[in-house]
Amino acid sequence: MKILVCISKTPDTTAKIAFTDNNTKFDSTGVQWIINPYDEWYSLVRAIELKESDASTVIQLVTVGSSETDPIIRKALALGGDEAIRVNTDSQDSFYIASQISEVAKQGGYDLIFTGKETIDYNGSSIGGMLAELLNLPYVSLATKFELSGNKAVVTREIDGGEEVCEVELPVVVSCQKGVAEQRIPNMRGIMSARAKPLKVVEPSGVNTLTAISSFELPPAKAGVKLVSPDNVEELIRLLKEEAKVI
Amino acid sequence: MSVLIFIDTAEGHVKKASLEAICYGAKIAEQLGTSAEGIVLGTVKDDLAPFGKFGVKKIHHLNNELLDHLDAQVYTKVIADIAEKIVAKVIVFSNNVDGKAIAPRLSVRLKAGLVSGAVAMPDISNGFIVKKNVFSGKAFANISVNTDIKIIALNPNAYKTTAGEGTAEIVVVNIPIDPVKVKVTGVNKTSGEVPLTEAEIVVSAGRGMKGPENWGMIEELAKLLHAATACSRPVSDAHWRPHNEHVGQTGTAIAPSLYIAIGISGAIQHLAGVNRSKVIVVINKDPEAPFFKAADYGIVGDAFEVVPKMIEAVKKLKGV
Ligand SMILES: Cc1cc2nc3c(=O)[nH]c(=O)nc-3n(C[C@H](O)[C@H](O)[C@H](O)COP(=O)(O)OP(=O)(O)OC[C@H]3O[C@@H](n4cnc5c(N)ncnc54)[C@H](O)[C@@H]3O)c2cc1C
């Protein structure tokens, strides 16, 4: 079993969201970078669990980014995984990133490719689907549970108002969310061994982007809260009905 | 040239999020001076022609039970075929579970730029620019799509549906489909409940509820308001509530008309996923809770006293 886990770096969840260059660029001044939580908590941990139950499993991590991404990929290696590949380019639109990962995937002969449900910065939820199409593989998105059964994956995925279980033969691309695994904290041994694990840097292939960010905006501030006394709850319901008109 | 809208169904019924996609797509068609057509895959229980009143002139229907469950690869091929046939220049999805699975594949297949999580009409005055949520609702990005064909996945609850006049012509499509590889073996519907991302009203509760045994009043209030229920991350981490109720930056992002937050502090990661709600009501016993800064209405009080009173007041309002 050979698993490819896609890792993205994102600003920390508490990072201040601000823009520079006339609102065309994210202002990364002072921003702490983290592994995208969906990649770290769910895809990566589930891959590690699969290796724990079958030691012959090989886990490779892939990320698309400049050398600034190295600390993130080392942190991922500290959690687990055998080696990492970094495609040395600033990440651009989803199509560009998915195309770079697909080149890596074509070389690797993977049985399973995991992505997170989305990144918490650009919220595209697109890399997994694009990658599957580029590789002509089936795609199961928004997994909440993942099991292997011989040459098949048994995946529970989200549907509107519930879940469904599906089976698909490997190789397959799966996007993971809550339920697939539980967050782990890297231990000292993992951190030490991560330093020795191979991190291969490959150059990007020439691909065009399909979209570009033209500008960013921040949402308008709220007008302020209208407080109602706890002894007058009926008044709140009246306001929701007559003033806000939402019930 | 035309605009194609993917109309998705659940158990044979057109989803509310698809109605929004239809209205949005029809408006784009109007902007571009062309017509909007829909596509439905799988067997349906709804009569499709009346959906014309939301603005689609034609609905292409591939009535094949092999398409009753989603296999994004098979769906993509069929949608691509129809899109090419009718020369669709803009293709609209809802950014829901199905849209998230199919739209990215279609984007690759048609080499069409995708904007997922769109929240507004495209600006076509200078190119084709679509506004979308980024940083989990903390900001917006205006994305310029530079390809001949454009794909937009519209966030649920981001566009208002309006019904006019008209019926759609139903075009029965008979094209062969590829073998289905993703085989659905079981469905677990939390039946009767309103899907969280489509819900107009969401009643959400946090650690302030002390334990799962106290959720009865949350569910009762939600039921009275025809609302979906949601929760904060620690509540779902502790298994007080199912994972699918977790909202926020690392859970589901929602934008209902009304979000009622009970016993939730309003941490930045929670706010990120809910701050696009039109009206936010906060019930918290701590006047300093950060959530009040993001709220429209609030009560500083004990949930265990306030929520039962809310239930009574709603019952009175609804005459039940
Ligand atoms: C990387 C990362 C990602 C995260 N993602 C998310 C996410 O997606 N969603 C999310 O929700 N959180 C997320 N969190 C966690 C977040 O930081 C908060 O810890 C969490 O939202 C707090 O949940 P809470 O408000 O239910 O609990 P608490 O912060 O414990 O707040 C409980 C609130 O209840 C009030 N209260 C107590 N008793 C009563 C009572 N009787 N009546 C009324 N009010 C009462 C208290 O005043 C308090 O404000 C994330 C954290 C990290 C680090």
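**Pockets, cavities and ligand site**

Q: What is the volume of the second largest pocket?
A: The structure is a predicted model. In this model, the second largest pocket has a volume of about 830 Å³.

Q: Which residues are the closest to the centre of the second largest pocket?
A: The lining of this pocket comprises 37 residues. The closest to the centre belong to chain B. They are Thr190(B), Glu193(B), Thr229(B), Asn244(B) and Glu245(B).

Q: Which elements of chain B each supply at least two residues of the lining of the second largest pocket?
A: Elements of chain A and of chain B contribute at this level. Chain A provides β9 (139-149), β10 (152-159) and β11 (162-169). The elements of chain B are α4 (216-224) and β14 (228-231).

Q: How many polar residues does the lining of the second largest pocket have?
A: The lining includes nine nonpolar residues and ten charged residues. The remaining class, polar, accounts for 18.

Q: What is the volume of the largest cavity?
A: A search of the whole structure, with a threshold of 30 Å³ or more, finds two cavities. The largest cavity has a lining that includes Pro11(A), Asp12(A) and Ile120(A) from chain A, with Phe135(B), Lys138(B) and Gln249(B) from chain B. By class, this lining has five nonpolar, one polar and three charged residues. The volume of the largest cavity is about 40 Å³.

Q: Which element gives the largest share of the lining of the second largest cavity?
A: The second largest cavity has a volume of about 30 Å³, and its lining includes Gly124(A), Ser125(A) and Ser126(A) as well as Lys100(B) and Leu114(B). The elements that give two or more residues to this lining are α3 (97-110) and β7 (113-118) of chain B. The largest share, four residues, comes from α3(B).

Q: Why is the ligand site shared, and between which chains?
A: Among the 28 residues around the ligand, those that come nearest are Ser232(B), Thr250(B), Ser265(B), Gln269(B) and Asn284(B). Residues of two chains surround the ligand, so the site is shared between chains A and B.

Q: What percentage of the ligand's accessible area does the protein cover?
A: On its own, the ligand has 990 Å² of accessible area. The shell around the ligand has seven nonpolar, 15 polar and six charged residues, and α5 (233-237), α6 (268-274) and α7 (303-318) of chain B each supply at least two of the shell residues.

Q: How many residues apart in sequence are the parts that the pair of Tyr24(B) and Tyr159(B) ties together?
A: The structure holds 16 aromatic pairs over all chains. One of them joins Tyr24(B) and Tyr159(B) edge-to-face, at 5.3 Å centre to centre and 80 degrees between the planes. Tyr24(B) lies in helix α1 (residues 16-32) and Tyr159(B) in the loop between β10 (150-154) and β11 (169-172) of chain B, so the separation in sequence of the parts tied together is 135 residues.

Conventions. Residues are numbered from 1 along each chain as its sequence is written. Chains are lettered from A and ligands numbered from 1 in the order in which they are written. This is a predicted model: local features need pLDDT of at least 70, side-chain atom pairs count only at pLDDT 80 or more; totals for chains, interfaces and linings use all residues. Side-chain values use heavy atoms; hydrogens and water are left out. On a 1 Å grid over the protein atoms alone, a cavity is a set of points where a 1.4 Å probe fits but cannot get out, and a pocket is an open set with protein on both sides within 12 Å along at least five of seven lines; lining residues have an atom within 4 Å of a point. Grid points are joined across faces, edges and corners, and a volume is the space filled by probe spheres set on the points. Ala, Val, Leu, Ile, Met, Phe, Trp, Tyr, Cys and Pro count as nonpolar, Asp, Glu, Lys and Arg as charged, and the others, Gly among them, as polar. A residue is near a molecule or strand if one of its heavy atoms lies within 4 Å of it. Accessible areas come from the Shrake-Rupley method with a 1.4 Å probe; for residues, only the protein chains shown count as cover. Rings of Phe, Tyr and Trp (its six-membered ring) pair if their centres lie within 6.5 Å; planes under 30 degrees apart count as stacked, over 60 as edge-to-face and the rest as tilted.
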